[in-house]
Structure formats: C-alpha cells, structure tokens
Amino acid sequence: LCTNCIYVDEGELKISTNKLYTKKVGTCSLLLFSYKNKNFLAHIDALKNNSDDIINILKKNFIINKLKYTKIYIIKGSWCNNECITIDIIVKALKQLNLKYSFYKENIKWKNTIYIDKNKKEIF
C-alpha cells in the first residue's frame, strides 16, 4: 500500500514529487516520465483530452528543451490495438514539441495498476 501516492483518474494529467499511479486503462493510453524530482502521468481519454492539453501542461511546467533528454514512455491501453485515438493524441503532442518517446513493449491488462516514480515504471 502506498500512502503517499497520488491517483491519476481517467482524463487527468498530473505532476507531483509524489509517486503517481493509475489503473483501469482500456481504450485510454498513458504518457509518463520523471524529470528531476517531478513525476508526470497523463491518463489520456479520447472523449476528455486532446493534444493541446498535453502541450499546454508540459510547456507550463517544464523547459521543453530539457525534456529532450528524458525517457518518455507511452503505454497503450489494454484494448488499444494498432489504431487507437488516444495514442494519436499523445504522439501528435510529442511530435509538435519535438520530443522523443518509446512505447512500453508489453501489453497491459485492465486490472493492472501502473506507477511512475523517479524514472521507474512499475506495473502490477
């Protein structure tokens, strides 16, 4: 049990020095990274989010040129196949900001909980 963790709900984008986590990722997708002492987790929902949401929060809270050296991960939702709107939303934002990213290679399950803290991803 993580008492200092902060939950990121569907459609939310959060930044914190605390460990961030989310779950129940189906048709949604995740964008996550850590930079210095801040964790970032976006639980992107196609009905609630667009690329501008991601661009705006990143520009407001980070120096974009510094993020170019950060490992940025995208995790596809458990029901996201090759074509998934939530992936398109994330990729469009990162390309506009000229940020590199990588996809988490393994498929996640609906019941998984995903954590990010200090550049460490954990999936249970």
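1. Two strands are said to pair if DSSP finds at least two bridges between them. Strands (E, at least two residues) and helices (H or I, at least four) are DSSP runs, numbered from the N terminus. In this structure, four strands make an open sheet in the order E1-E3-E8-E9, with mixed pairing. Strand E1 (6–7) and strand E9 (120–123) each have a single partner strand and stand at the edges, so one side of each is left without a neighbour in the sheet.

2. The model is predicted: local features need pLDDT of at least 70, side-chain atom pairs count only at pLDDT 80 or more, and totals for chains, interfaces and linings use all residues. Residues are numbered from 1 along each chain as its sequence is written, and side-chain values use heavy atoms, with hydrogens and water left out.

3. Strand E8 (residues 113–117) pairs with strand E3 (residues 20–23) in the antiparallel sense over four bridges. Within E8, Thr113 is the bridge partner of Lys23, and Ile116 is that of Leu20.

4. E8 also pairs with E9 in the antiparallel sense, over four bridges; here Asp117 has Lys120 as its bridge partner. The two strands form a hairpin with two residues between them, and Lys118 in the turn has a positive phi of about 50 degrees.
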